[in-house]
Amino acid sequence: MRRYIIVGTGAAGISAAEAIRCHDPQGNILLISEEKDGYYSRPGLAYYLTGEITERQLYPFSERDFRRLNANRKHVRAVRIHTQAHQLVLGDGELLSYDRLLIATGAMAAPVKTPGAQLAGVAKLDNLEDARCILKQAHKGHSAVVVGGGITALEIVEGLAEHGVKVHYFLRGDRYWGNVLDEVESHIVEHRLIEEGVQIHYQTELVEILGKRGRVAGVRTKDGRQVKCDLVAIAIGVLARKELAEASGLQTERGILVDEFLQTSDPDVFAAGDVAQVFDPASGKALLDSLWGPAREQGSAAGCTMAGLQTPYYKRTPFNVTRLARLTTTIIGSIGGGRDDDVLGIVRGDSEAWRQIPDAIAAQSDFDVNHLRVLVGEHTLVGAILMGDQTLSLPLQHLITDRVDITPIHERLLQPKAPVADLIADFWTEWRGQHAA
Ligand SMILES: Cc1cc2nc3c(=O)[nH]c(=O)nc-3n(C[C@H](O)[C@H](O)[C@H](O)COP(=O)(O)OP(=O)(O)OC[C@H]3O[C@@H](n4cnc5c(N)ncnc54)[C@H](O)[C@@H]3O)c2cc1C
């Protein structure tokens with residue numbers, strides 16, 4: 001009977017366990033996690049913060065699902081792998097033997113080195129416990145400073161604003177998420193935040209968190225201003241949790257380096273999810289993703305290979321549906337290209353592939369609060385961002401992922417003031433009609 005150990009029970013770890021169980025009904029699977037809350041939806045934390053969903057609704061798996069998986073669970077930290085001996089060392093000193101091991105330890109919020117970062121009232125949003133902690137401090141009439149230019153910072157801003165907290169939002173640059181959004185899109189988000197009462201401080205850098213009796217009392221900015229507040233939340237990017245791999249002598253860069261089979265530098269140790277830096281043949285680079293979908297896909301591919309069914313993972317066109325300032329936003333393929341000084345590397349719910357634009361020209365249209373931008377390559381669409389109305393979300397996903405030849409509308413898309421949305425909708429209807437059979 002083969003012994004499998006999976007370290008980390010997030011999207012990647014659970015998906016790997018499901019794949020293993022599917023191909024090896026007898027194998028012994030042990031799931032190890034240091035997080036007491038187990039498997040829940042991290043993207044769902046944004047909706048939990050605003051009160052739209054309850055804690056219970058964050059859990060995709062029931063106890064019955066776990067029983068069906070027939071895996072043992074241990075709540076402890078894994079500290080080292082003796083790869084030669086095929087043993088895992090746990091934080092309580094226990095040694096466990098394995099035949100195949102998966103590291104799916106995820107990523108964590110990049111820490112701030114600012115003086116005062118240890119004060120009570122300094123928050124981050126990595127996990128459910130952090131969300132509970134933010135909610136406990138989100139009192140009506142209190143004020144907060146939120147720092148960071150990506151999705152997570154915005155989720156915290158919105159969660160706090162929803163609970164009546166006066167929010168000061170610090171951006172180091174002159175607009176929101178400049179790495180991925182263009183100016184129009186950044187301004188749509190900023191405008192909506194201002195309407196919600198959020199005060200945005202552009203080109204503002206936090207240099208010190210000020211305290212009183214061990215608690216946050218305010219902050220000091222680089223240009224010498226002081227802002228009083230009761231809470232400081234920081235979301236400036238995420239770092240892969242590669243410490244277990246490093247302690248075990250596995251090859252790492254920004255994440256754990258893996259080949260297309262999610263295999264690390266040791267053939268019996270695999271890595272998947274936010275912690276894995278996966279070779280991407282399209283760009284020729286080893287990239288990080290911080291997205292739920294790829295974490296599940298990587299976990300599944302790794303699980304199959306671990307169970308003996310060699311299964312390569314090929315990075316798909318990155319796709320994410322999120323919400324920016326209450327505006328449903330879908331991002332598909334490559335749309336970015338800028339540099340964003342607000343975030344350190346990658347942010348939650350982000351793919352490095354978004355930022356790499358091949359030769360492409362942008363075409364865009366706005367309709368009321370809705371916005372659509374597509375990146376037009378030589379014969380195909382290479383990326384799109386859709387804010388608000390999501391009618392074209394699915395068609396665009398197909399057109400971009402399947403690299404559909406858009407030559408018939410190519411010229412018209414690039415005309416000034418082209419009705420981009422209508423052109424794509426009409427093209428899609430015709431294309432689907434021809435390919436329906
Ligand atoms: C607030 C927030 C918003 C997000 N929004 C989106 C979004 O809109 N769209 C999207 O696609 N993605 C989003 N994400 C990202 C998405 O949740 C992650 O990409 C996904 O959860 C990664 O799964 P994973 O299995 O790699 O790691 P994780 O889910 O992070 O799980 C890793 C687990 O391993 C445990 N662990 C770490 N080290 C050890 C150790 N040494 N021993 C034992 N256990 C250990 C950790 O405690 C954790 O429980 C968001 C994430 C957050 C936090």
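# A guided tour from the surface to the ligand

Begin by selecting Ala-282, an exposed residue with a relative accessible area of 75%. Here, exposed means over 50% relative accessible area, buried means under 20%, and partly exposed covers the range in between, with a 1.4 Å probe and protein chains only. The model is predicted, so that local features need a pLDDT of at least 70 and side-chain atom pairs count only at pLDDT 80 or more, whereas totals for chains, interfaces and linings use all residues. Residues are numbered from 1 along each chain as its sequence is written, and side-chain values use heavy atoms, with hydrogens and water left out.

**Loops**

Ala-282 sits in the loop between β20 (276-280) and β21 (285-287). Helices (H or I, at least four residues) and strands (E, at least two) are DSSP runs, numbered from the N terminus.

Next, select Gly-93, which lies in the loop between β5 and β6 (95-97). Gly-93 counts as exposed, at 53% relative accessibility.

Now move to Gly-149, in the loop between β10 (143-147) and α5 (151-162). Is Gly-149 buried or exposed? Gly-149 is buried, its relative accessible area being 0%. The C-alpha atom of Gly-149 is separated by 18 Å from that of Thr-328, 179 residues apart along the chain.

**Two positive phi angles**

Most residues other than glycine have a negative phi. Select His-86, where phi is near 55°, a positive value in a residue other than glycine. His-86 belongs to the loop between β4 (78-82) and β5 (87-90) and counts as partly exposed, at 22% relative accessibility.

Continue to Leu-262, which also has a positive phi, of about 65°, although it is not a glycine. Leu-262 is found in the loop between β18 (256-258) and β19 (269-271) and counts as buried, at 0% relative accessibility.

**A side chain in α4**

Select Asp-130, in helix α4 (residues 128-137). With 13% relative accessibility, Asp-130 counts as buried. A polar atom of the Asp-130 side chain lies 2.7 Å from the backbone nitrogen of Asp-126. Leaving aside neighbours within four places in sequence, Asp-130 is in contact with Lys-124 and Leu-125, where contact means heavy atoms within 4.5 Å.

**The nonpolar cores**

A nonpolar core is a set of buried Ala, Val, Leu, Ile, Met, Phe, Trp, Tyr and Cys residues joined through side-chain atoms within 4.5 Å. The largest such core has 50 residues, and those with the most contacts inside it are Ile-5, Leu-31, Ile-81, Leu-88, Leu-101, Leu-102 and Ile-103. Helix α1 gives the largest share of this core, six residues. Select Leu-102 and look beyond its neighbours within four places in sequence: its contacts include Ile-5, Ala-12, Phe-270, Ala-302 and Met-306.

A second, separate core has 47 residues, among them Leu-58, Val-189, Leu-231 and Leu-327. Select Leu-231, in strand β16 (residues 231-234). Leu-231 is buried, at a relative accessible area of 3%. Gly-121 lies 110 residues from Leu-231 along the chain, yet their C-alpha atoms are separated by 4.8 Å. Apart from neighbours within four places in sequence, the contacts of Leu-231 include Gly-121, Ala-123, Val-145, Leu-160 and Val-216.

**The ligand**

Finally, select the ligand and the 30 residues around it, of which Ala-12, Glu-35, Arg-42, Asp-274 and Trp-292 come nearest. A residue is taken as near if one of its heavy atoms lies within 4 Å. The residues of this shell divide into 11 nonpolar, 10 polar and nine charged. Ala, Val, Leu, Ile, Met, Phe, Trp, Tyr, Cys and Pro count as nonpolar, Asp, Glu, Lys and Arg as charged, and the others, Gly among them, as polar.

A backbone N or O atom of Glu-34 lies 3.1 Å from a ligand nitrogen atom, and one of Trp-292 lies 2.9 Å from a ligand oxygen atom. The protein covers 96% of the 1,000 Å² of accessible area that the ligand has on its own. Elements α1 (11-23), α8 (292-306) and β22 (319-324) are those that give two or more residues to the shell.

Definitions and conventions
A polar contact is a pair of N or O atoms within 3.5 Å; within protein, one must be able to donate a hydrogen and the other to accept it, and residues adjacent in sequence count only if both atoms are side-chain atoms. Accessible areas come from the Shrake-Rupley method with a 1.4 Å probe; for residues, only the protein chains shown count as cover.
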